[in-house]
Amino acid sequence: MNKFSLFGKFIVQEGKRDTMVNILLEAAELMKNLDECEIYLVNISENEPNCVYVYEVWSNENAHQASLTLEVTQTLIKRAKPIITGMERISTLQTRGGKGI
């Protein structure tokens, strides 16, 4: 098994974390239709009120890149862009296995 995984962080305008969470949860719902997306988790930390973390596992990197070009994904990105003040790719990983895969 060799999967493509991402762990990313979005920094948003003060008071907009819940808005970003909702946008990303919409994305997670849409990802249910893509077999190549195996995990899409939206996370927050109470210690960082303006941050949202996303953990994704994909069948491969090309599948992830292709998902970014979908019209529905582009629509969500356009909605999120005005409230994003920063992004950080914490890590790109190669998933080898475990529960949930």
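Modeller: On a 1 Å grid over the protein atoms alone, a pocket is an open set of points with protein on both sides within 12 Å along at least five of seven lines, whereas a cavity is a set where a 1.4 Å probe fits but cannot get out; lining residues have an atom within 4 Å of a point. This is a predicted model, in which local features need pLDDT of at least 70 and side-chain atom pairs count only at pLDDT 80 or more, while totals for chains, interfaces and linings use all residues. Residues are numbered from 1 along each chain as its sequence is written, and side-chain values use heavy atoms, with hydrogens and water left out.

Biologist: Which residues lie nearest the centre of the largest pocket?

Modeller: Phe10, Tyr40, Glu56, Leu68 and Met87 do, out of 26 lining residues. The space in this pocket comes to about 620 Å³, a volume being the space filled by probe spheres set on the grid points, which are joined across faces, edges and corners.

Biologist: Which helices and strands each supply at least two residues of that lining?

Modeller: The strands are β1 (3–12), β3 (51–58) and β4 (84–95), and the helices are α1 (17–31), α2 (61–67) and α3 (71–80). Helices (H or I, at least four residues) and strands (E, at least two) are DSSP runs, numbered from the N terminus.

Biologist: How many residues of the lining are nonpolar, polar and charged?

Modeller: There are 17 nonpolar, 4 polar and 5 charged residues. Here Ala, Val, Leu, Ile, Met, Phe, Trp, Tyr, Cys and Pro count as nonpolar, Asp, Glu, Lys and Arg as charged, and the others, Gly among them, as polar.

Biologist: Why is Arg17 called buried?

Modeller: Buried means under 20% relative accessible area, exposed over 50%, and partly exposed in between (1.4 Å probe, protein chains only). Arg17 has 12% relative accessibility, so Arg17 counts as buried. This residue is in helix α1. Leaving out residues up to four places away in sequence, Arg17 touches Val12, Ile44, Ser45, Glu46, Glu48, Pro49, Cys51 and Val52, where contact means heavy atoms within 4.5 Å.

Biologist: What makes Val57 buried?

Modeller: The relative accessible area of Val57 is 0%, so Val57 falls in the buried class. Val57 sits in strand β3.

Biologist: Why does Thr73 count as buried?

Modeller: Thr73 has a relative accessible area of 10%, and is therefore buried. Thr73 belongs to helix α3 and touches Met31, Ser67 and Leu68, not counting residues up to four places away in sequence.

Biologist: Why is Gly98 called exposed?

Modeller: Gly98 reaches 53% relative accessibility, so the exposed label applies. Gly98 lies in the segment after β4.

Biologist: How many disulfides does the structure hold?

Modeller: The number is 0, a disulfide being a pair of cysteine sulfur atoms within 2.5 Å. Cys37 is buried because its relative accessibility is 11%, and Cys51 is buried at 8%.

Biologist: Which residues touch the most other members of the largest nonpolar core?

Modeller: Met20, Leu24, Tyr40 and Trp58 do, in a core of 20 residues. At least two core residues come from each of β1, α1, β2 (37–43), β3 and α3, with the largest share, 7 residues, from α1. A nonpolar core is a set of buried Ala, Val, Leu, Ile, Met, Phe, Trp, Tyr and Cys residues joined through side-chain atoms within 4.5 Å. Apart from neighbours within four places in sequence, Met20 is in contact with Phe10, Val12, Val52, Ala80, Ile83 and Ile84.
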